[in-house]
Amino acid sequence: MIKLLVVDNHPIVRKGLELLFVTSPQIQVVGGVNNGEAIFDFLKQHPVDIILSEIDLPKLNGITALRRLRKEFPQVKTIIFSSQPEEIYAINTIKSGAEGYLMKTADIMTVKEAILKVNDGNVYLSHEIAEQMSSKKRGSRSGSYYKKLSMREIEVLKLLASGRKNKEIAEELDINEKTVSTYKARLMKKLNVSNIVDLISRAKLLEL
């Protein structure tokens with residue numbers, strides 16, 4: 001039986017997934033938590049095989065949590081389950097340590113397929129993203145912009161777009177404020193903008 005932890009700040013998503021697998025002979029939802037920090041509290045107390053996690057989480061965002069999981073609980077596999085654009089996030093979340101990326105628009109059979117595939121030691125990506133990853137073709141306009149950016153730069157850009165100050169970003173990502181400023185400068189150069197207003201506008205264009 002695959003032990004699944006659901007991480008999402010929306011109670012209806014957590015409950016829905018629990019009900020989805022309540023009669024499953026292969027998958028059991030052993031818990032649900034609503035923020036990134038709570039993942040680690042849960043894992044210290046309960047055995048988990050796979051985590052199904054949103055990116056946008058309170059206290060500790062999903063990408064930062066993913067990096068920490070690689071260090072503290074390397075045996076636990078993670079599937080990102082998000083409404084964030086697949087073409088922007090999927091490949092680099094895999095590079096950051098996730099074993100799968102699943103859109104919240106996926107149907108029930110696809111969710112089950114992803115969990116079973118990852119449990120068997122494989123990586124789960126949609127057919128479109130898997131093709132893009134293997135062929136290294138340019139994707140959509142937003143994907144083309146994205147390919148200029150590292151995962152950390154995307155994290156900083158996303159937090160800037162949400163109104164976070166440098167100090168708040170530094171605290172959330174566990175880096176210093178000077179490093180945040182360096183990332184902002186890199187972002188402006190890569191995205192060809194000269195001020196923070198245009199940078200945030202670019203983030204909205206990318207649908208971050």
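**Helix packing, sheet and salt bridges**

Tutor: Helix 8 and helix 10 (residues 177-190) pack at an angle of about 95°, and their axes lie 10 Å apart. The model is predicted: local features require pLDDT of at least 70, side-chain atom pairs count only at pLDDT 80 or more, and totals for chains, interfaces and linings use all residues. Residues are numbered from 1 along each chain as its sequence is written, and side-chain values use heavy atoms, with hydrogens and water left out.

Student: How are helix 8 and helix 10 oriented to each other, roughly parallel or roughly perpendicular?

Tutor: Axes are lines fitted to C-alpha atoms, for helices over the stretch in contact, and angles run from 0 to 180 degrees between N-to-C directions. Angles under 35 degrees count as roughly parallel, over 145 as roughly antiparallel, 65 to 115 as roughly perpendicular and the rest as oblique. Helix 8 and helix 10 are therefore roughly perpendicular to each other.

Student: Which residues of helix 8 and helix 10 make the contact?

Tutor: Contact means heavy atoms within 4.5 Å. Helix 8 contributes Arg152, Glu153, Val156, Leu157 and Leu160, while helix 10 contributes Tyr183, Lys184, Arg186, Leu187 and Lys190. By class, the contact of helix 8 with helix 10 has five nonpolar, no polar and five charged residues. In this classification Ala, Val, Leu, Ile, Met, Phe, Trp, Tyr, Cys and Pro count as nonpolar, Asp, Glu, Lys and Arg as charged, and the others, Gly among them, as polar.

Student: How many helices and strands does the chain have?

Tutor: Helices (H or I, at least four residues) and strands (E, at least two) are DSSP runs, numbered from the N terminus. The chain has eleven helices and five strands.

Student: What is the order of the strands in the sheet?

Tutor: Two strands pair if DSSP finds at least two bridges between them. Here five strands form an open sheet in the order 2-1-3-4-5, with parallel pairing. Strand 2 (27-33) and strand 5 (100-103) are the edge strands, each pairing on one side only. From one strand to the next, the twist averages 25°.

Student: Where does strand 3 make its bridges?

Tutor: Strand 3 (residues 50-53) is joined to strand 4 (residues 77-82) by four bridges, and the two run parallel. Four bridges also join strand 1 (residues 2-7) to strand 3, again in parallel.

Student: Which strands does helix 4 lie across?

Tutor: Helix 4 lies across strand 4 and strand 5, running at about 160° to strand 5. Ile94 is found in helix 4 (residues 86-95) and is buried, with a relative accessible area of 14%. Ile94 and Ile80 are 14 residues apart in sequence, and their C-alpha atoms are 9.0 Å apart in space.

Student: How many salt bridges are counted?

Tutor: A salt bridge is a side-chain nitrogen of Lys or Arg within 4 Å of a carboxyl oxygen of Asp or Glu. By this rule the count comes to eleven. One of them joins Lys15 and Glu18, whose closest N and O atoms are 3.8 Å apart. Lys15 and Glu18 both lie in helix 1 (residues 11-20), three residues apart, about one turn of the helix. Lys15 is partly exposed at 44% relative accessible area, and Glu18 is partly exposed at 37%.

Student: What distant parts of the chain does the salt bridge between Lys158 and Asp56 link?

Tutor: The side chains of Lys158 and Asp56 meet at 3.1 Å, N to O. Lys158 lies in helix 8 (residues 151-161) and Asp56 in the loop between strand 3 and helix 3 (62-72), 102 residues apart. Lys158 counts as buried at 16% relative accessibility, whereas Asp56 is partly exposed at 30%.

Terms used:
Buried < 20%, exposed > 50% of the residue type's maximum accessible area, 1.4 Å probe, protein only.
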